[in-house]
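Keep the 3D view open and click along as you read.

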Amino acid sequence: AKAKSFGMKTIRVDGYDALACYRATKMAREYILELGMPVFIEYMTYRIGDHSPSDHSALYRDQAEIDHYLKHNNPKLRLSREKYI
């Protein structure tokens, strides 16, 4: 919302999908070169680890939640399943 309020083009992309990230970045680059305007790319991801050394995310997240993201949103596994690499 903040980027849009400054008149910037925004793109939201699945940060676990390597090809989607590549395409979004490529599109943003082309837009910038063509129009000379900035682009804000938001890569949607899930923080697996703690925020900092003083954060203990196990206090407010189930291990099952973390395991779900590791299993279903692993970027390397998702990329290996792509048909058009």
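## Starting from a loop

Thr 45 lies in the loop between E2 and H3; helices (H or I, at least four residues) and strands (E, at least two) are DSSP runs, numbered from the N terminus. A quick word on ground rules: this is a predicted model, where local features need pLDDT of at least 70 and side-chain atom pairs count only at pLDDT 80 or more, while totals for chains, interfaces and linings use all residues. Residues are numbered from 1 along each chain as its sequence is written, and side-chain values use heavy atoms, with hydrogens and water left out.

Back to Thr 45, which is exposed with a relative accessible area of 56% (buried means under 20%, exposed over 50%, partly exposed in between, using a 1.4 Å probe and protein chains only). Skip the residues up to four places away in sequence, and Thr 45 touches Gly 15 and Tyr 16; contact here means heavy atoms within 4.5 Å. Asn 73 is 28 residues away from Thr 45 in sequence, yet their C-alpha atoms are 9.0 Å apart in space.

## A stacked pair

Which two rings make up the aromatic pair? They are Tyr 46 and Tyr 69, with centres 3.8 Å apart and planes at 0°, so the pair is stacked. The cut-offs: rings of Phe, Tyr and Trp (its six-membered ring) pair if their centres lie within 6.5 Å, and planes under 30 degrees apart count as stacked, over 60 as edge-to-face and the rest as tilted. The count by this rule is 1 aromatic pair. Tyr 46 sits in the loop between strand E2 (39-44) and helix H3 (63-72), Tyr 69 sits in H3, and with 23 residues separating them the pair links distant parts of the chain. Tyr 46 counts as buried at 14% relative accessibility, whereas Tyr 69 is partly exposed at 26%.

## Strands, crossover and core

E1 and E2 run parallel and are joined by 6 bridges; two strands pair if DSSP finds at least two bridges between them. The chain gets from E1 to E2 through H2, and this β-α-β crossover is right-handed, meaning that with the strands pointing away from the viewer, the path from the first strand over the helix to the second runs clockwise. Arg 12 has Glu 42 as its bridge partner in E2, and Val 13 has Tyr 43.

Now for the inside. The largest nonpolar core has 7 residues: Ile 11, Val 13, Ala 20, Ala 24, Ala 28, Val 39 and Ile 41. Such a core is a set of buried Ala, Val, Leu, Ile, Met, Phe, Trp, Tyr and Cys residues joined through side-chain atoms within 4.5 Å. Strand E1 (9-14), helix H2 (18-35) and E2 each give two or more residues to this core, and H2 has the largest share with 3. Beyond its neighbours within four places in sequence, Ile 11 is in contact with Ala 24, Met 27, Ala 28, Val 39, Phe 40, Ile 41 and Glu 42.

## Partly exposed residues

| Residue | Element | Relative accessible area | C-alpha separation |
|---|---|---|---|
| Thr 25 | helix H2 | 37% | 33 Å to Ala 58 |
| Met 27 | helix H2 | 42% | 14 Å to Met 8 |
| Glu 42 | strand E2 | 30% | 8.2 Å to Gly 15 |

With neighbours within four places in sequence left aside, Thr 25 is in contact with Ile 41 and Tyr 43.
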